[in-house]
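Hello,

Here is the structure we discussed. Please have a look, then read my notes below.

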Amino acid sequence: MYKTSFTLKTSSYLELVDIQRQVDQAVSDCGIIDGICHVYNPHTTGAITINEGADPTVQTDIVMALEGMIPFSLDYRHMEGNSPSHVLASLFGTSETIFVENGQLLLGTWQKIYFCEFDGPRTRTVHVRVVAG
Ligand code: ZN
């Protein structure tokens, strides 16, 4: 198994950050031709998702829709005051798994991997593991 991690700085409260280059680099560095790549977010107010990468307005629209979906005015009990961020993190999930074939991620033509910031701006860590097989 190949292990690597990287950090990134987010700049907004809600934001989708393109991490395709870093994950592609991990797959290139690992030397594994066929296997599984797991991209994992260790934060409780962040997530990993795969979505459209050709048109950046898609990420803007996702953020806009999320802002309208999760109410900030509920009687939340979590004292840190960021319950909407935790709700979004659970809705998206902590990780994505992508097949590796011929030394490359087997993504669709329009797909890219994103780190989802739901309580930024912060410095975040992403773990990548590639398993041969
Ligand atoms: Zn919290």
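Start with strand β4: 7 bridges join β4 to β7 (residues 111–117), and the two run antiparallel. Gly46 stands opposite Glu117 in β7. Strands (E, at least two residues) and helices (H or I, at least four) are DSSP runs, numbered from the N terminus. Two strands pair if DSSP finds at least two bridges between them.

A word on the source. This is a predicted model: local features need pLDDT of at least 70, side-chain atom pairs count only at pLDDT 80 or more, and totals for chains, interfaces and linings use all residues. Residues are numbered from 1 along each chain as its sequence is written, and side-chain values use heavy atoms, with hydrogens and water left out.

Now the sheet. It is open, has 3 strands in the order β2-β7-β4, and pairs antiparallel. β2 (15–18) and β4 (46–52) are the edge strands, each pairing on one side only.
Helix α3 (residues 83–92) packs on this sheet and touches β4 and β7. Contact means heavy atoms within 4.5 Å.

Next, the largest nonpolar core, with 21 residues: Ile19, Val23, Cys37 and Val126 touch the most other members. Such a core is a set of buried (under 20% relative accessible area, 1.4 Å probe, protein chains only) Ala, Val, Leu, Ile, Met, Phe, Trp, Tyr and Cys residues joined through side-chain atoms within 4.5 Å. α1 gives the largest share, 4 residues. Leaving aside neighbours within four places in sequence, the contacts of Ile19 include Phe6, Val39, Ile113 and Val126.

Best wishes

Key. Axes fitted to C-alpha atoms, helices over the stretch in contact; angles between N-to-C directions. Buried < 20%, exposed > 50% of the residue type's maximum accessible area, 1.4 Å probe, protein only.
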